[in-house]
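Hi everyone, thanks for coming. Let me walk you through a structure that may be new to you.

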Amino acid sequence: MPTYRVDKAEALRYMGYAGQAADELLDERIDGLISACERESRPAFVYRIFPVEETPDGVRLQGSPLLLRGQAIADHLHGARSCAVMACTLGLANERAYARMQARGALDALVFGAAGSSLVECAADACEAAIVQEAASMGLHTNWRFSPGYGDLPLDIQPAIVRTLQADKALGMTATSSNLLIPVKSVTAFVGLFDHLQEDTKRSCAGCACAPHCFLRKAGTPCYR
């Protein structure tokens, strides 16, 4: 099973930290809230892979109701054989804990929320690592994950992603009428699968967000070879 940990430096960045001095008591409080976030979260993910069809109306994922509109996602998936559709969340336990933190005070809510943002990205990295591993087993290469709201890919694709992945049943995830995800600490994204290594793909494990979760790297067969 993947290990999910909050990256404290990343959480501080989400809080707007820019090197300001912090006293020992504040630092201990931050550490305690990060631990609480890890304890009160149930990170999980689900994904499916679909063949890609590039059409004048957008990128169609065959075997699903998904039609991805916009030039940005068309460029991202241009030449792809398949596309992985992924969803990750920290679960409703994190949502309930965040509500308790809001009742305690603004600082606790800020730190807990920032820790959650870091932790859900960790879950997304683990999901992406699983996709990379499955792609490699098929002799394919991946590019990086691309989420609704990036570029001109509209957020109104969110409900269809939830339905396609049955993320409501698998993860307790729903999309609101305004296309926001519940639980709030949730991520959806698309990853392209290609016959050949993409130019914008990292050619080293150094700095790769998926590295802590990557079985290919541990086996000595990284995806860029």
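Predicted model: local features only at pLDDT ≥ 70, side-chain atom pairs only at ≥ 80, totals over all residues.

Residues are numbered from 1 along each chain as its sequence is written, and side-chain values use heavy atoms, leaving out hydrogens and water.

So, where is Arg145? Look in the loop between strand E5 (141-142) and helix H6 (158-165); helices (H or I, at least four residues) and strands (E, at least two) are DSSP runs, numbered from the N terminus. Arg145 counts as buried because its relative accessibility is 13%, and buried means under 20% relative accessible area with a 1.4 Å probe, protein chains only.

What does its side chain hold on to? The Arg145 side chain makes a polar contact with the side chain of Glu121 at 2.8 Å, and another with the side chain of Asp125 at 2.9 Å. Beyond neighbours within four places in sequence, Arg145 is in contact (heavy atoms within 4.5 Å) with residues including His76, Met86, Tyr150 and Phe190. A polar contact here is a pair of N or O atoms within 3.5 Å; within protein, one must be able to donate a hydrogen and the other to accept it, and residues adjacent in sequence count only if both atoms are side-chain atoms.

On to the pocket. Helix H5 (106-137), strand E7 (181-182) and strand E8 (186-194) each give at least two residues to the lining of the second largest pocket, and E8 has the largest share, three residues.

Definitions and conventions
Buried < 20%, exposed > 50% of the residue type's maximum accessible area, 1.4 Å probe, protein only.
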